[in-house]
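Colleague: Could you take me closely through one part of this model, the paired strands, and then show me what the helix packed into the core is doing in terms of contacts and burial? Please state the cut-offs as you go.

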Amino acid sequence: MSIVQVPVAEQRSGVALRGLRKTFGDVVAVDRLDLDIADGELFAMLGPSGSGKTTVLRMIAGFEQPTEGSVLLGGADATGLPPAKRDVNTVFQDYALFPHMTVAQNVEYGLKVRGVGRGERTRRAGEALDLVGLSDAGSRRPAQLSGGQRQRIALARALVVRPRVLLLDEPLGALDLKLRERMQVELKAIQREVGITFVFVTHDQDEALTLCDRLAVFNHGRIEQVGAAADVYERPETRFVAGFVGTSNLLDGDTDASLTGGAPGTFALRPEKVAVLPPGAQPPVGHIAAPAVITEVVYAGSTTRVVAAARGGGTVNAVLLNDSPARQADLARGTAVLLSWPASALRPLAA
């Protein structure tokens, strides 16, 4: 029997996917995907519904088998292993807690299945509950807990078995906005403390940007771009990434030459890079300037979104911080303005 030599780089990785493909009949859910997730990394798979991200997560967990390709965990080929034989655990959106068990019993369950003794189970469950800030909830039932508390119990139950990789499938999707934002911060702090690989699936761009070290943007079963959150946001490579990760003005150099400085091709321009100035103002050196007329103003609390029709053609969105009430009072539909942004803020996009 031949011995497969695993490259050193893959031995150090938390998860490595090679040529991964999954079909359901004639439907290609994942199309020959390659991806490396570092050991100890907090990694997000971001994309709209049907983009393939959850299917990839299920193949890492072992709930689905790939049609082609392989899944490596810590350098070892885990492709054919059942879920129970993989050094991973999963936190689902619905938490999947046992309602007839206490919180402590829920957290201990995975250890009990693995044959860990009662004393050790109790000790480790206590440590896990303390980690998620619920050390006093062990005797309660899941129905007595809030949504945020149930989410943390599910996290404690997954962490208590000390997996190499923790998979999180839309773990915060059932929470309201304020609780979701608070749990994002707590989840990141917990990952930093335990130091294991976290891979989470989300369709929420803000959640991905807030939580992850790096992210992969999925579209139609393929990865459009992989990189650090700031790199993907500031330097999108395709029209899809520019439009899905945040909001972008998409400017065509052929039809909107005055907005691209005459450069050909398609460019992304983030709205927060656009300044709205009075007519006749002198923009800084290196900035593109375009006379325009405001067509819409949308107040959004801390920011105001301005939509303006450029005199040379094209529409530009700007997002302004509401730090100057006097200035905001001058923004109204029909007002003539000068739009300005750094030429370096234009990001060229692949066709």
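Modeller: Strand 14 (residues 287-300) and strand 15 (residues 303-310) run antiparallel and are joined by eight bridges, where strands are DSSP runs of E with at least two residues, helices are runs of H or I with at least four, and both are numbered from the N terminus; two strands count as paired if DSSP finds at least two bridges between them. This is a predicted model, in which local features need pLDDT of at least 70 and side-chain atom pairs count only at pLDDT 80 or more, whereas totals for chains, interfaces and linings use all residues. Residues are numbered from 1 along each chain as its sequence is written, and side-chain values use heavy atoms, with hydrogens and water left out.

Within this pairing, Arg305 of strand 15 stands opposite Val298. The two strands make a hairpin with two residues between them, and Gly301 in the turn has a positive phi of about 80°. Strand 15 also pairs with strand 16 (residues 315-321), again in the antiparallel sense, over seven bridges, and there Val306 has Ala318 as its bridge partner. This second hairpin has four residues between its strands, with Gly313 in the turn at a positive phi of about 110°.

Turning to the helix, helix 5 has 13 residues and reaches 19 Å from its first C-alpha to its last, close to the 18 Å expected at 1.5 Å a residue, the expected span being 1.5 Å times one less than the number of residues. Of its 13 residues, 11 are buried, which means under 20% relative accessible area, with exposed being over 50% and partly exposed in between (1.4 Å probe, protein chains only). Those that cover the buried residues include strand 6 (88-91), helix 3 (103-113), helix 4 (118-131), strand 7 (165-169), helix 6 (177-194) and strand 8 (197-202).

The largest nonpolar core has 47 residues, of which Val107, Leu155 and Leu166 touch the most other members; such a core is a set of buried Ala, Val, Leu, Ile, Met, Phe, Trp, Tyr and Cys residues joined through side-chain atoms within 4.5 Å. Helix 5 (residues 147-159) supplies the largest share of this core, six residues. Leu155, not counting residues up to four places away in sequence, touches Val91, Val132, Leu166, Leu168, Leu187 and Ile190, contact meaning heavy atoms within 4.5 Å. Apart from this core lies another, of 25 residues, with Val15, Met45, Val71 and Leu73 among them.
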